[in-house]
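Welcome! Please take a moment to look over the sequence and the 3D view, and then read on for a guided walk through the side chains.

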Amino acid sequence: MWFRNLQIFRLADAWQYSSEDLTVALNRGLFVGCGATDQMARGWVPPRGAEGELVFTQQKQQLIALGVEQKLLPAAVVRQYAQEKLEDIEAAQGYKPGRKQVREVIEHMTLELLPRAFAKRGLTYLWIDPVNRWLVVDAASSQRADDAIEQLKLSLGDLPLSLLKTKLAPATAMTQWLADGAAPEGFTIDRDCELRAVAEERAAVRYVRHNLDSDDVRNHIVAGKTVTRMSLTWQDRVSFILTEQLQINRLTFLDILKEDAERQAENADDLFAANFSLMCGNLEQLLAHLTEALGGESE
């Protein structure tokens with residue numbers, strides 16, 4: 001359940017939903033799997049599994065989960081079956097089908113093949129921190145996060161929020177940290193980074209498991225490149241990749257935190273609660289310190 005990627009949003013107003021209110025709202029959009037001709041289905045599921053509650057709450061922190069099912073139907077397969085059908089049509093009418101006819105055949109074959117397609121399921125977790133007004137989606141891509149937010153808006157009717165914005169752009173800050181050879185207090189620079197030129201070609205250089213405190217790295221900055229991704233560790237507890245879009249990827253909680261959770265737990269439910277509590281406690285502090293390191297929140 002430990003989050004791996006953070007798409008970070010700010011709630012515009014104080015969060016008005018108790019766990020009971022949120023449960024009522026999410027019940028309007030419960031997950032139902034794909035029908036025979038559906039390509040995708042989304043809906044809310046209990047984050048702890050089928051027997052759990054729809055909203056998991058621990059020390060005012062809320063966790064919800066969006067279930068997603070998608071039919072796997074490659075376009076190449078549709079084209080293959082459609083081509084066979086189009087050849088039969090051409091033989092019957094004596095001339096090639098027009099664009100409209102081709103489109104209709106492809107649509108028909110898609111509907112015909114969907115009931116036979118395999119379905120892939122996944123979960124997207126959302127953490128809501130009413131105290132500090134954070135809403136964080138565990139998603140590697142902004143599109144997946146946007147899909148989850150849109151589904152939440154459908155359930156709630158209204159959700160005033162925005163992406164976190166800081167006074168100092170992450171790319172500017174990371175470039176300065178790398179040039180100085182030091183990150184802000186509480187953070188350390190690790191061994192991965194990506195630098196890109198601002199010119200039209202956007203030439204890039206990547207370092208993986210490499211010593212970044214070297215002249216050849218700094219020479220790229222002198223030449224005009226800026227840092228777009230950088231690996232950092234916070235308080236020797238959490239390591240991550242910070243991106244120029246202020247996203248956090250490859251989030252890793254160090255083993256000592258997970259060992260603390262295991263010592264507190266007597267069963268699977270206790271372990272889930274302990275993991276969530278420790279994760280929230282650390283992420284609250286990390287987000288606050290990172291925002292401060294980037295010059296504070298932009299109005």
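The sections below go through the nonpolar cores, the salt bridges and the aromatic rings.

## Nonpolar cores

Keep in mind that this is a predicted model. In soluble globular proteins, nonpolar side chains tend to be buried together. Here, the largest nonpolar core holds 53 residues, and the members that touch the most others are Phe240, Ile248 and Leu251. A separate second core has 24 residues, including Trp44, Val68, Leu135 and Leu161.

## Salt bridges

How many salt bridges are there? The count comes to eleven. Are the two partners buried or exposed? Arg250 counts as partly exposed because its relative accessibility is 44%, whereas Asp192, at 12%, counts as buried.

Another bridge sits within a helix. Glu150 and Lys153 form a salt bridge whose closest N and O atoms are 3.8 Å apart. These two are three residues apart in helix 4 (residues 142-156), so about one helical turn separates them. Glu150 counts as partly exposed at 44% relative accessibility, and Lys153 counts as partly exposed at 29%.

Arg196 bridges to Glu194, with the closest N and O atoms 3.2 Å apart, and Glu194 counts as buried because its relative accessibility is 7%. Elsewhere, Arg48, Glu53 and Asp269 are linked in a network of salt bridges.

## Aromatic rings

A pair of aromatic rings is described by the distance of the centres and the angle of the planes. Searching the whole structure gives six aromatic pairs. In one of them, Phe3 and Tyr125 are tilted, at 6.5 Å centre to centre and with 35 degrees between the planes. Phe3 is in the segment before strand 1 (7-11) and Tyr125 is in strand 5 (residues 118-129), so the pair ties together parts 122 residues apart in sequence. Phe3 and Tyr125 are both buried.

What is the arrangement of the rings of Phe56 and Phe276? Their centres are 5.5 Å apart and their planes are at 75 degrees, so this pair is edge-to-face. The pair links distant parts of the chain, with Phe56 in strand 3 (residues 56-58) and Phe276 in helix 8, 220 residues apart. Phe56 is buried, with a relative accessible area of 4%, and Phe276 is buried too, at 0%. Together with Phe272, Phe56 and Phe276 form one aromatic cluster.

## A charge over a ring

One last stop involves Arg10 and Trp134. The charged end of Arg10 sits over the ring of Trp134, at 3.7 Å from the ring centre.

How values were computed. Residues are numbered from 1 along each chain as its sequence is written. This is a predicted model: local features need pLDDT of at least 70, side-chain atom pairs count only at pLDDT 80 or more; totals for chains, interfaces and linings use all residues. Side-chain values use heavy atoms; hydrogens and water are left out. A nonpolar core is a set of buried Ala, Val, Leu, Ile, Met, Phe, Trp, Tyr and Cys residues joined through side-chain atoms within 4.5 Å. Buried means under 20% relative accessible area, exposed over 50%, partly exposed in between (1.4 Å probe, protein chains only). A salt bridge is a side-chain nitrogen of Lys or Arg within 4 Å of a carboxyl oxygen of Asp or Glu. Helices (H or I, at least four residues) and strands (E, at least two) are DSSP runs, numbered from the N terminus. Rings of Phe, Tyr and Trp (its six-membered ring) pair if their centres lie within 6.5 Å; planes under 30 degrees apart count as stacked, over 60 as edge-to-face and the rest as tilted. A charge sits over a ring if NZ of Lys or CZ of Arg is within 6 Å of the ring centre and within 35 degrees of the ring normal.
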